[in-house]
Amino acid sequence: MTFSIVARSADGKALGVAVASKFLGVGAAVPAALADVGAVATQSYANLAYRPQALALLSSGVSAPFAVQALTAGDEGPVAQRQVGVVGATGPGATFTGDECHPWAGGVAGDDYAIQGNMLAGPSVVGAMEAAWRSAESLSFPYRLLEALGTGDEAGGDRRGRQSAALLVAAKGMGYGGTSDVWVDLRVDDHPDPVAELLRLLELHTLYFERPDPETLIPLSGEVASEVRALLAAVDETDADLDRALASWAGIENLEERLVAGAIDPLVLDQLRAAAAR
């Protein structure tokens, strides 16, 4: 009783799932993703074994459509009540909706996505999500996924109402400190407006965990260096080494992913100014 989008980024480097439902903690049940392999959403009386099975199939080199066929063919449970969407590292996405899923139920798939839902307000939910996905190519991949999910939510989403939402994105080396492939893993387990809350969390994730855009970095020299030194003094960071003082403050504020020696990210500078003004 859920709607979701499983997709691959335009450059092929990221794979992810965005999902929402009138169901407690949907992120614990529906999505799975593995960098350079694929992503899957299992829903509607979900078979959670589909998640490792789909990723194993994709890692062996089979296509998403073949993976969906294999998952449903090997399922000894109520396949007619299952729904699943799969996308691989290459090739088209694939979706399956059993004949006994609660109406409205269905899905669509394209070159790099699979969108599906059941117990929806109507087919317009899936249609709106597909249109939003196709038209949002300029957005960063996690935001593009949420744009599609949010559009489906606005189109009626789960006809029972709202409760939870989740976003899972995998890309090689894009996790914290470059030591993980989990780029984004955010869940809203119980909330009156979970998709909106998920977007708020993603914006915080962007601030704290995204790496800075090299083109926007400001050299730590001249007037900027003087201002930063004064701001750091105002927050009791007085190390004579400016980079070290900035790193100490940024670590306390959870902004360490945005540090670059000899320069400052404008977002970090904004946060420092706000901290010094408090």
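Modeller: Let me begin with a definition: buried means under 20% relative accessible area, exposed means over 50%, and partly exposed is in between, using a 1.4 Å probe and protein chains only. This is a predicted model, in which local features need pLDDT of at least 70 and side-chain atom pairs count only at pLDDT 80 or more, while totals for chains, interfaces and linings use all residues. Residues are numbered from 1 along each chain as its sequence is written, and side-chain values use heavy atoms, with hydrogens and water left out.

Colleague: What makes the meeting of Asp189 and Arg187 a salt bridge?

Modeller: The rule asks for a side-chain nitrogen of Lys or Arg within 4 Å of a carboxyl oxygen of Asp or Glu. For Asp189 and Arg187 the N to O distance is 3.0 Å, so the pair passes. Side chains of opposite charge can pair when their charged atoms come close. By this rule the count comes to 12 salt bridges.

Colleague: How many helices and strands does the protein chain have?

Modeller: There are eight helices and 12 strands. Both are DSSP runs numbered from the N terminus: helices are H or I with at least four residues, strands are E with at least two. The chain has 278 residues, and 49% of them are buried. Its C-alpha trace spans about 70 × 40 × 30 Å along the principal axes.

Colleague: Why is Glu197 called buried?

Modeller: Glu197 has 17% relative accessibility, and that is under the cut-off, so the word applies. This residue lies in helix H5. Setting aside neighbours within four places in sequence, Glu197 is in contact (heavy atoms within 4.5 Å) with Val188 and His191.

Colleague: What makes Thr95 partly exposed?

Modeller: A relative accessible area of 24%, which is between the limits. Thr95 is found in strand S6 (residues 94-97). Leaving aside neighbours within four places, its contacts include Val84, Val108 and Ile115. From Thr95 to Glu253 there are 158 residues in sequence and 42 Å in space, C-alpha to C-alpha.

Colleague: Which residues have the most contacts inside the largest nonpolar core?

Modeller: They are Ile5, Leu145, Leu149 and Leu167, in a core of 29 residues. A nonpolar core is a set of buried Ala, Val, Leu, Ile, Met, Phe, Trp, Tyr and Cys residues joined through side-chain atoms within 4.5 Å. H4 gives the most to this core, with five residues. Not counting residues up to four places away, Leu167 touches Val17, Leu145 and Leu202, among others. Apart from this core lies another, of 17 residues, including Leu220 and Ile264.

Colleague: How much space lies in the largest pocket, and what makes it a pocket?

Modeller: About 200 Å³, a volume being the space filled by probe spheres set on grid points, which are joined across faces, edges and corners. On a 1 Å grid over the protein atoms alone, a pocket is an open set with protein on both sides within 12 Å along at least five of seven lines; in a cavity, a 1.4 Å probe fits but cannot get out, and lining residues have an atom within 4 Å of a point. Tyr143, Glu147 and Leu199 are among the lining residues.
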